[in-house]
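Trainee: Before we discuss the helices, could we put the model up and go through the reasoning behind the terms one by one?

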Amino acid sequence: MTIEAVTHTVETPGATIVYDVRGPLPTADNQPPLLLIGQPMDASGFAALASHFPDRTVVTYDPRGLARSTRSDGRTDNDPQQHADDLHRLIEALGAGPVEVFGSSGGAVDGLALVVAHPEDVQLLVAHEPPLTHLLSDAAAVRRAEEDISRAYHEGGFGHGMARFIAYTSWEGELTDDFFDRPIPDPATFGLPVDDDGSRDDPLLSGDSEGVVAWSPDVDALRASGVRLVIAAGEESARQVTGRSAAALAERLGLPLTMFPSHHGGFAGPETGWPGQPEAFAARLREVLASHTG
């Protein structure tokens, strides 16, 4: 059964936020809405995952400045605290009480920021591979790699920056000399453009999302929030930089690392170009949500 999404907007300071609701509000069964958030991924990336929850009211949204959500604040940077405020206003607009949240990548960071700022909005947060790379023991090497990606993007364009990003995010284990001594990755190897189209506004490569990676979790506030927290990683990406970041955060919070099928985007369908195992991922998410309810 396919539930059609109904699109809404909510005005926040400096932005018009567009969000989609699949299912009734208020919910028919007294279950909280399930809010799926990404960053810099927009709502479209959750189409496959949302389709596996026809019995739940599922909400997805486009972060400010991405896809359909416009901003008028004169900024281009992505700030987790600002996103937390946007999410707070979106949840208020739902009028259905506190929600359950699944956050992916930068969306997991935004979900953590939401719990710190507005714990009353959230019953349960599943934070899947938040890229808080500064928590890693090899943080200095990671920062070097991130700076190299930024340099390649600004000097050569999208294909060159993304090729290095893929090489970086797919590396297993700590970044050693072996990583930095490898040949420079060829964009064509990944089916990426070699030529430079002149644009420098990619939200992932431009530096606009540096505030997401650099966000420092208030461990005491997260522990004291009363929100049930699940820190998660993919089985295929657990030894890669985002999976390792999730493990580092879980350790700081004194929580186990909860494993999900597939990779960093394991919930995604083939329409994204990087398919995971959305059916298996959804089954695992349903299991995790049920085990932490009550």
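Trainee: How many residues does helix α3 have, and what span is expected for it at 1.5 Å a residue?

Mentor: This is a predicted model, and in it helix α3, residues 106-117, has twelve residues. The expected span takes 1.5 Å times one less than the number of residues, which gives 16 Å here, and the helix reaches 16 Å from its first C-alpha to its last, close to that expectation.

Trainee: What makes α3 mostly covered?

Mentor: A residue is buried when its relative accessible area is under 20%, and ten of the twelve residues of α3 are buried, including V109, D110, A113 and L114.

Trainee: Which residues of α2 meet α3?

Mentor: P80, Q81, H83, A84, L87, H88 and I91 in α2 meet V109, D110, A113 and L114 in α3. By class, this contact has seven nonpolar, three polar and one charged residues.

Trainee: Why is α2 called roughly perpendicular to α3?

Mentor: The axes of α2, residues 80-94, and α3 come within 8 Å and cross at roughly 70 degrees. Angles of 65 to 115 degrees count as roughly perpendicular, and α2 is therefore roughly perpendicular to α3.

Methods: Residues are numbered from 1 along each chain as its sequence is written. This is a predicted model: local features need pLDDT of at least 70, side-chain atom pairs count only at pLDDT 80 or more; totals for chains, interfaces and linings use all residues. Side-chain values use heavy atoms; hydrogens and water are left out. Helices (H or I, at least four residues) and strands (E, at least two) are DSSP runs, numbered from the N terminus. Buried means under 20% relative accessible area, exposed over 50%, partly exposed in between (1.4 Å probe, protein chains only). Axes are lines fitted to C-alpha atoms, for helices over the stretch in contact, and angles run from 0 to 180 degrees between N-to-C directions. Angles under 35 degrees count as roughly parallel, over 145 as roughly antiparallel, 65 to 115 as roughly perpendicular and the rest as oblique. Contact means heavy atoms within 4.5 Å. Ala, Val, Leu, Ile, Met, Phe, Trp, Tyr, Cys and Pro count as nonpolar, Asp, Glu, Lys and Arg as charged, and the others, Gly among them, as polar.
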